[in-house]
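Here are some quick notes to read with the model open. Have a look at it first, then go through the points in order.

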Amino acid sequence: MEQDFGAFPALRDVSLDIQPGELVALLGPSGSGKTTLLRVIAGLNSPDRGRVLFDGENATNLPVQDRHVGMVFQNYALFKHMTVADNIAYGLRVRPRRTRPSRAAIKARVAELLQFVQLDGLGGRYPAQLSGGQRQRVALARALAIEPRVLLLDEPFGALDARVRKDLRRWLRDIHKQTGLTTVFVTHDQDEAMELADRVVVLNEGRIEQIGTPEELYDRPASPFVISFVGEAVALPVTIADGHVRFGGRELHIDTHGLRSGPARVFFRPADIAVAAEGNGDLEGRVESLRRTPAGVRATIAIDGYDQTLEIDSPLERSASLGGRVPLSLAKARIFPADENGEYVDAGDGI
Amino acid sequence: MTSPILVGKNARRFTAPSVIPGFGLTFGYTLIYLGLIVLFPLATLIWWSSELGLSGLYAIASEPRVAAALRTTFFISFAAAVIDLFFGLIVAWVLTRYDFAGRRLLDAFVDLPFALPTAVAGISLAALYSPNGWFGAPFADYDIKIAFTRWGILVALVFIGLPFVVRTVQPIVSELEVELEEASATLGAGRLQTVLRVMLPPLAPALLTGFALAFARSIGEYGSVIFIAGNIAYVSEIAPLLIVVKLEQYDVAGATGIATIMLVISFAALLLINLVQAWSRRRFGHV
């Protein structure tokens, strides 16, 4: 399956190829276009330019009704005046007479789906009588009833509390394994995306920043946005001059191959910085506070020229005194040049 | 204040405890106002007519002119309420579901039949629909008369009843999530199926309320109708007008008789509608 999109106000030059049976997450902050992209795939929005292909066949002008997508909405969109069983049966009952299964077949299918989503015996209830997690599962069963070509989920766990979310996450993974359905879900929660998806599509301001497996996103982030959005990251403003990276008065030993001279930012994960042996540091920081932990000490360290403090765990023997200066070494870092306007992508603490 | 022990042991209290005090006061006012303003006048009506006795009432109801007027009133009111139900739903839908330039202005127009003196409405409608009026003239070419016939009554009652349907249905339409339509579409339902199976059932109770209000209002409508109806006895004379006619002839007993008959029929009709509504709320009201 393949989806191509041209320019779209909320989506710009998005091109995405989803393999059959894949579990793909669309990850991004609000307003990044992830829901728009999902709705374009579903056929609820139509792209101004570009195409949507299902199994190589152009579905761009195929009306929603004929796309056979199973959509689970953020607020579930259950039909409140119908029982759970009627909700699930809806997609079968509205079929034209010649393709509609018999009453008995519909009943059997509903019972099977109720069991599948672990709601046996609740078929006679109304949605208002169910908990959030149960409603979510009804919505999923309703979408599965039509045997969709793709399963699309919009923020499937958005409205649930943390515990239910965790359970449902694992459960969705199982469902995907059992059904083998190509599944695309939208989320703003990077943990959720990383935990569930085979591949994650990181979107920002209508553009795809990176498509990759969770490992690729963690280890080889393609842009400052990705590195700061998936996981915590520290961003140091540096300058590149003649292949050397300078931060304050120091030189950082980072490969600058292929980068122009000028302002840039060095990104690294908090876990990749450590207190170094005397004289070996890439950076130097001042100890602002010290706290004892079971394994050693946790120091809050301020780096000159960087406006936020870092928390660094180190073993007891390397502990420094409060207010003293310590050398810091960087295990792994990535460098990205500042863009043409000289603006850095904000690289706070990630989300 | 009642002590907690008393509440627990002694008794079924008249009302559940509430954080907002003042049940006694507000309930008292409710009873007094309902009693003095609504029930007392109606009770005197029954009182007056009781002098007629059942046979007297029957005699009045079977007077051909009265029977014709009652038929005209209830039948045309019903027809008008049905028309309002249909168009009121469309208007409510358009005003809540779509955003367009002038939506708020159009929304304000809906209330005009509430605000306008009904006589003014009746006179304007009569002028428009009379054989030489703007709307009446084209019909007159085909020998169709609207003003000064039963059609005129229908036009006036449709005008009067519309806001009742629109205003009762509007809030429920705005509560219906767009996602419901989208969900229905992704499940393969066509537009008509979506409307009939997903959108209309939750609206049914509100539609019935709107219908009942428009119907009730139409039965009692006087001002706008008498100017456009022509008021021809046995043809386009409505029951409220006949009451006035009887009063002008000092036939108070006849007037109260008609009023009582109207009261009984209206009450029965509204009760019926309420029962249907209660049923539909049970059936569709799991919101």
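Predicted model: local features only at pLDDT ≥ 70, side-chain atom pairs only at ≥ 80, totals over all residues.

1. Val275(A) sits opposite Leu328(A), a residue of strand 19 of chain A. The strands involved are strand 15 (residues 273–275) and strand 19 (residues 325–330) of chain A, which run antiparallel and are joined by three bridges.

2. Leu328(A) turns up again with another strand: it is the bridge partner of Leu283(A). Here strand 16 (residues 283–292) of chain A pairs with strand 19 of chain A, again in the antiparallel sense, over four bridges.

3. Now over to chain B and a pair of helices. Helix 10 (residues 178–186) and helix 11 (residues 191–220) of chain B pack with their axes 10 Å apart, at an angle of about 135 degrees.

4. By type, the contact has four nonpolar residues, two polar and one charged.

5. Last, the place where the chains meet: 20 residues of chain A are in contact with 18 residues of chain B. On the chain A side, helix 2 (64–67), strand 6 (69–72) and helix 3 (84–93) each supply at least two residues. That side of chain A divides into 13 nonpolar, four polar and three charged residues.

Notes: Residues numbered from 1 in each chain as written. Chains lettered and ligands numbered in written order. Axes fitted to C-alpha atoms, helices over the stretch in contact; angles between N-to-C directions. Nonpolar A, V, L, I, M, F, W, Y, C, P; charged D, E, K, R; others polar. Pairing = 2+ DSSP bridges. Contact = placed C-beta atoms within 7 Å.
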